[in-house]
Amino acid sequence: MEVSQLTNWLSEPLAKRFLLLLVAFILVMLVARFLKRILSRYVSDNSTRYQAKKLVTLLGYIVFALSGMLIFNYKLSNITLAVGLAGAGIAFALQEVIMSIAGFLVILSGKYFKVGDRVQMGGVKGDVVDIGVLRTTLMEIGDWVDGDLYNGKMVRLTNSYLFKEPVYNYSGDFPFLWDEIKIPVRTDSDQEYFKGVLNQILDEVVGDFSRDSQASWDKLTGQLYVEKAQIPPMITFSFDENWSTYTLRYVVDFKKRRTTKNLIYEKVHKAILQSGGKVSLAGSSLEVTLTK
């Protein structure tokens, strides 16, 4: 393109507006990058810094969109008229996008979840690894993998799910879950001895964590109308005509549920083997009666 042709093109009103739009984009991008650097330098909390950066990104989009509207419309009245005429159509066509942006703003308020939380959203359970303006990314757990372990899938869900389905947060207001293990033993086992062994094992494995978690639960009961549930490990007993069953109930870190359960099983199994016959695991039996 020759110089004269370039000069003529730049003299066109439409070309000037596109040039101004490009300048506005560059300015918004530079300001947003500058603000993010300031946040990285002066905000120490990872969660707060992450949410602030996401908010800066969203504000950048809004400022750029408003700049484009002002550049391509001389009067504010024209903008209002254009928005009014197109509002109904835009709202219908972009309802999913609008709901996702609204969901993003709700997430930033901290009421639902934050990065690092374990949630179930849209039928998918996993750890939140990124929160975008339109989508939330989960590192999925479960599915074809037993237990609460990663299966390697990254799942991106629209933020509009906040308004469509329940969102389960496994680590929101307190960083633990309750878990249970059932252990059946023969009815002729030494029940008092075995119960003492189980109490000792639970105290060794989860005792310290239970004591540390008590403060979190006490804080929650002061904020919400929930009962003062038992945080220390608890053992309940039941039996029928076949065997006796011990149910071990305890609190566990939401990311260590499987490893904790495995450790308890290992210790219980070892204790039964070393009991000298005082305790025997129950097994299914079939009684056959012969009649003449």
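This is a predicted model: local features need pLDDT of at least 70, side-chain atom pairs count only at pLDDT 80 or more; totals for chains, interfaces and linings use all residues.
Local features were taken only at pLDDT of at least 70 and side-chain atom pairs only at pLDDT 80 or more, whereas totals for chains, interfaces and linings use all residues. Residues are numbered from 1 along each chain as its sequence is written, and side-chain values use heavy atoms, with hydrogens and water left out.

The chain contains seven helices and eight strands; helices (H or I, at least four residues) and strands (E, at least two) are DSSP runs numbered from the N terminus. Of its 292 residues, 29% count as buried. Buried here means under 20% relative accessible area, exposed means over 50%, and partly exposed lies in between, with a 1.4 Å probe and protein chains only. Among contacts between residues at least 6 apart in sequence, 62% join residues at least 24 apart, where contact means heavy atoms within 4.5 Å.

Five strands form an open antiparallel sheet in the order β4-β3-β2-β1-β5. Two strands are taken to pair if DSSP finds at least two bridges between them. β4 and β5 (168–169) are the edge strands, each pairing on one side only. Within this sheet, strand β2 (residues 124–131) and β3 are antiparallel and share five bridges, and a hairpin of three residues connects β2 to β3. V128 has L138 in β3 as its bridge partner. On β3 (residues 135–141), five of the seven residues are buried, so that the strand is mostly covered. β3 is also joined to strand β4 (residues 150–158) by six bridges, again in the antiparallel sense; here R135 stands opposite T158 in β4. Strand β1 (residues 118–121) runs antiparallel to β5 and is joined to β5 by two bridges, with V119 opposite N169.

A further antiparallel pairing links β7 (234–239) to β8 (244–253) through six bridges. A hairpin of four residues connects β7 to β8, and M234 has R249 in β8 as its bridge partner.

The largest nonpolar core comprises 19 residues. Such a core is a set of buried Ala, Val, Leu, Ile, Met, Phe, Trp, Tyr and Cys residues joined through side-chain atoms within 4.5 Å. The residues with the most contacts inside the largest core are I183, F194, L198, L248, I264 and V268. At least two residues of this core come from each of β6 (176–185), α6 (191–223), β8 and α7 (257–273), and the largest share, six residues, comes from α6. Leaving aside neighbours within four places in sequence, L198 is in contact with I183, I235, Y246, L248 and V268. Apart from this core lies another of 15 residues, which includes F104, L108, V124 and V133. In soluble globular proteins, nonpolar side chains tend to be buried together.

Helix α7 has 17 residues and should span 24 Å at 1.5 Å a residue; its end C-alpha atoms are 25 Å apart, which agrees. The expected span is 1.5 Å times one less than the number of residues. T260, I264, V268, A271 and I272 are the buried residues of α7. Because these residues cover an arc of only 105° around the axis, they lie on the same side of α7; the arc is that of the directions from the helix axis to the C-beta atoms. An α-helix has 3.6 residues a turn, so residues three or four places apart point the same way. The buried residues of α7 pack against β6, α6 and β8, whereas T259, K270 and L273 are exposed on the other side of α7.

S275 lies in the segment after α7 and counts as buried because its relative accessibility is 7%. The side chain of S275 reaches the backbone oxygen of I272 at 2.7 Å. A polar contact is a pair of N or O atoms within 3.5 Å; within protein, one must be able to donate a hydrogen and the other to accept it, and residues adjacent in sequence count only if both atoms are side-chain atoms.

K228 is placed in the loop between α6 and β7. With 68% relative accessibility, K228 counts as exposed. The C-alpha atoms of K228 and D218, which are 10 residues apart along the chain, are separated by 7.6 Å.
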